[in-house]
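Morning, everyone. Let me put the model up, and then I'll walk through a few contacts.

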Amino acid sequence: MKDNEWQNEITNLLKKADIPCTNGFKIKPLQGGVSSDIVRISLPENENVHFCAKRALPKLKVKDEWFAPVERNNFEMAWLTCAGQILPKIAPKVLAQDEKRGLALIEYLPPKDYTLWKDKLLAGKVESNDAQNVGTALGTIHSATLHNPELAARFSTDTLFYALRLDPYFKSLIDRYPDLNDAINSIIDTTAKTRMALVHGDISPKNIFLRNETAQPVFIDAECAWYGDPTFDIAFCLNHLLLKAIHLPAHSTELLTAFEKLYQSWLTAMPSSLQDELAARTATLLPALFLARVDGKSPVEYLNESARETVRSLALKELRNPQSSVYALPHSIEALN
Ligand SMILES: Nc1ncnc2c1ncn2[C@@H]1O[C@H](COP(=O)(O)OP(=O)(O)O)[C@@H](O)[C@H]1O
Ligand SMILES: [Mg+2]
């Protein structure tokens with residue numbers, strides 16, 4: 001995007017949010033994302049107060065060509081707003097939006113108060129309390145949005161979810177592993193047809209800030225919001241802990257404990273009548289996601305070739321001969337050490 005275009009758009013957003021900016025503003029790009037332009041805004045009047053502007057890109061910054069409609073920014077903002085109504089402070093406040101251009105101004109989370117969970121985990125600071133808080137918050141959002149026709153209509157983003165998640169993560173595996181055709185297609189079909197709760201769609205530690213003081217999570221980056229299968233969210237996040245357990249063998253015991261805390265706190269927040277079916281779908285999704293982050297269209301950046309080989313062999317064993325337990329992969333990882 002051209003710089004002056006960005007400037008104009010931010011000026012308009014600040015106006016919409018009733019934030020005076022007659023003396024201009026400074027912008028600093030925020031790193032980390034692949035699907036949006038995202039900047040921190042500071043006003044000369046008060047250098048300590050910042051805002052965040054985010055604009056969805058039509059083409060994602062990944063190796064393969066990957067296009068996605070910019071309207072996903074509107075669903076992201078709707079998710080942040082909806083989640084904030086269920087659990088205050090669980091998401092940045094939405095301050096202004098330009099729905100046509102897929103652009104929004106949101107609350108900025110300053111590094112003095114918030115740490116990205118991914119940074120903490122990769123630094124070896126694995127605390128099961130963090131995982132437990134994430135699981136409880138996620139389960140609370142899922143459980144508060146169960147079987148809700150209004151939300152199902154507001155977030156009927158099935159086409160987007162297919163394009164951003166089911167196709168690149170799962171469908172792309174079939175070319176490489178033709179023998180998994182039936183298993184993977186069945187996962188795609190079951191996930192796609194389950195319309196149960198409000199899903200975030202990208203519950204990864206890189207999209208979760210933790211408040212330094214309380215260890216309470218703040219979720220960002222809800223571009224894949226969808227009314228669908230909540231097990232996608234929990235499996236997605238559990239998978240990241242497994243990948244990190246392979247990447248950081250010295251911390252694998254703590255990471256697997258965090259896995260258990262995350263899963264149990266999430267499941268406990270869901271109605272007991274649903275727990276069996278949720279456990280079964282989570283167990284089925286997990287090995288497919290594990291393999292997808294190595295051989296799908298959006299591989300994680302931190303694994304070396306030997307770690308990727310380990311992920312492949314454990315995931316394929318489970319996909320070809322499913323144990324139907326969420327703990328099958330963690331147990332296999334434990335047995336490596
Ligand atoms: N509200 C915010 N406050 C502070 N930093 C943020 C905020 N939103 C995003 N960031 C930073 O920018 C990075 C990319 O933002 P994100 O919304 O995840 O974009 P993408 O969709 O491109 O992944 C995040 O990992 C985080 O470091
Ligand atoms: Mg992100």
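**Salt bridges and a helix pair**

The count comes to 24 salt bridges, each being a side-chain nitrogen of Lys or Arg within 4 Å of a carboxyl oxygen of Asp or Glu. This is a predicted model, where local features need pLDDT of at least 70, side-chain atom pairs count only at pLDDT 80 or more, and totals for chains, interfaces and linings use all residues. Residues are numbered from 1 along each chain as its sequence is written, chains are lettered from A and ligands numbered from 1 in the order in which they are written, and side-chain values use heavy atoms, with hydrogens and water left out.

Start with D221 and K54. They form a salt bridge, with the closest N and O atoms 2.8 Å apart. This pair links distant parts of the chain: D221 sits in the loop between β9 (217–219) and β10 (226–228), K54 in strand β3, 167 residues apart. Helices (H or I, at least four residues) and strands (E, at least two) are DSSP runs, numbered from the N terminus. Are these two buried or exposed? D221 is buried at 14% relative accessibility, and K54 is buried at 5%. The cut-offs: buried is under 20% relative accessible area, exposed over 50%, partly exposed in between, with a 1.4 Å probe and protein chains only.

Stay on β3, residues 46–56, for H50. H50 is buried, at 16%. A polar atom of its side chain lies 3.4 Å from the backbone oxygen of E47. Leaving out residues up to four places away in sequence, H50 touches R40, I41, S42 and Y108; contact means heavy atoms within 4.5 Å.

Next, R320. R320 pairs with D179 in a salt bridge, closest N and O atoms 2.8 Å apart. Again the link is between distant parts: R320 is in helix α11 (residues 305–320), D179 in the loop between α6 (158–176) and α7 (181–193), 141 residues apart. R320 is partly exposed, at 47%. There is also a network: salt bridges with shared partners join R176, D295, E305, R308, E309 and R312.

Last, α6 and α7 themselves. Their axes come within 10 Å and cross at roughly 165 degrees. Axes are lines fitted to C-alpha atoms, for helices over the stretch in contact, and angles run from 0 to 180 degrees between N-to-C directions. The two helices are therefore roughly antiparallel, the term for angles over 145 degrees. Residues meeting across the pair include L166 and F170 in α6, and I184 and I188 in α7.

How values were computed. A polar contact is a pair of N or O atoms within 3.5 Å; within protein, one must be able to donate a hydrogen and the other to accept it, and residues adjacent in sequence count only if both atoms are side-chain atoms. Angles under 35 degrees count as roughly parallel, over 145 as roughly antiparallel, 65 to 115 as roughly perpendicular and the rest as oblique.
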